[in-house]
Amino acid sequence: MIHITINGKVVECKDGEMLLSVIRRERIDVPTLCHHEAVEPSGACRLCTVEVTKPEWDGWCDYVTSCLYPAKDGLIVNTHAPKVNELRKSILDMYLARHPKSLKIKQLAADYGVLATSLETVVDGNNCILCTICTRICDHMGFSAISTVGRGHGKEVAPPLDMAPADCVGCLACAKNCPTDYIEYETGNGRLKIWNKEFEMVACTVCGKTTVTKEFAEHLSQQRDIPFEYFEKCDECHRKELSATMGKIANWEREVRS
Ligand code: FES
């Protein structure tokens with residue numbers, strides 16, 4: 001264990017632990033758009049930037065992305081130094097210009113006092129901020145069905161050749177974890193459509209509500225050893241079944257004691 005100072009408080013952490021995880025543990029609010037606990041950090045959004053220094057640096061400071069910066073003994077961190085706040089404001093100003101429809105960005109920008117962008121707005125801009133949480137999470141799940149393609153302004157997230165991706169099982173991890181709700185999908189009539197691919201959903205045998213796609217249920221039952229039948233019951237019916245079982249056990253215990 002080592003000690004670092006965050007905003008004047010000495011805290012203990014592991015040597016090499018990323019600063020952002022220590023900051024979060026200390027319940028200090030640092031904005032992020034590209035961070036997700038389940039996947040490796042990418043340093044794409046720069047919003048988690050903090051000021052770091054050490055007594056032996058003679059007053060010199062550095063500005064680093066805390067999601068990618070490992071803690072070292074004696075490090076002094078300021079999460080909201082004036083220059084850090086200014087940097088976050090500039091980044092959010094730019095995001096607001098490029099993605100004016102994103103509620104998440106509007107909210108973060110407002111938190112930093114940026115109520116309107118000072119830059120020219122991209123009127124038809126979409127909400128993809130290229131944070132790559134979707135592609136990293138898809139890789140992490142073992143599918144790698146989508147990736148970033150193109151360069152510069154033309155860079156975007158897409159399936160290979162913009163066709164229905166063979167490896168996508170419709171797990172929705174990309175869409176559900178997209179911070180700006182950019183990834184669209186449609187559900188209805190027992191089907192799910194995402195990335196130009198259509199899936200059949202498994203229906204709950206008790207109430208009829210759909211659970212996951214057939215492909216995802218098959219994947220989980222093969223790779224994670226979860227019986228396929230598990231997905232033939234929705235969360236609510238699983239919970240009801242569990243409560244009914246607990247009730248029966250409680251009754252049985254009462255009878256045994258009496
Ligand atoms: S969270 Fe986006 S750069 Fe660190």
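Tutor: Begin with isoleucine 6, which stands opposite lysine 9 in β2. Strands (E, at least two residues) and helices (H or I, at least four residues) are DSSP runs, numbered from the N terminus.

Student: Where do these numbers come from?
Tutor: This is a predicted model, where local features need pLDDT of at least 70 and side-chain atom pairs count only at pLDDT 80 or more, while totals for chains, interfaces and linings use all residues. Residues are numbered from 1 along each chain as its sequence is written, and side-chain values use heavy atoms, with hydrogens and water left out.

Student: OK. How do β1 and β2 pair, parallel or antiparallel?
Tutor: β1 (residues 2-6) and β2 are antiparallel, over five bridges. Two strands count as paired if DSSP finds at least two bridges between them.

Student: What holds paired strands together, in general?
Tutor: Strands of a sheet pair through backbone hydrogen bonds, either parallel or antiparallel.

Student: What's the strand order in the five-stranded sheet?
Tutor: β2-β1-β5-β3-β4. The sheet is open, and its pairing is mixed. At the edges are β2 (9-13) and β4 (62-65), each pairing on one side only. From one strand to the next, the twist averages 35°.

Student: Which helix lies across β3, β4 and β5?
Tutor: That's α2 (residues 82-98). It runs at about 155° to β3 (49-53). Axes are lines fitted to C-alpha atoms, for helices over the stretch in contact, and angles run from 0 to 180 degrees between N-to-C directions.

Student: New topic. How many residues of α4 are buried?
Tutor: Six of the eight in α4 (residues 133-140). Buried means under 20% relative accessible area, exposed over 50%, and partly exposed in between (1.4 Å probe, protein chains only). The buried ones are Ile133, Cys134, Thr135, Arg136, Ile137 and Cys138.

Student: What do they pack against?
Tutor: β6 (147-149), β7 (156-158) and α5 (173-176). After α4 comes glycine 142, with a positive phi near 95°.

Student: Which residues are buried in α6?
Tutor: In α6 (residues 214-223) they are Phe216, Ala217, His219, Leu220 and Ser221. What covers them includes β10 (197-203) and β11 (210-213). Just after α6, aspartate 225 has a positive phi of about 65°.

Student: Last one: domains. Where are they?
Tutor: The domain assignment, automatic or from a database, gives domain 1 (2-80) and domain 2 (133-239). Their contact takes nine residues from domain 1 and six residues from domain 2.

Student: How much area is buried between domain 1 and domain 2?
Tutor: About 610 Å², with carbon and sulfur atoms giving 62%. Buried area is the accessible area (1.4 Å probe) that two parts lose on being put together, summed over both. Leu33, His36 and Val39 supply 65% of what domain 1 buries against domain 2, more than any other three residues.

Methods
Contact means heavy atoms within 4.5 Å.
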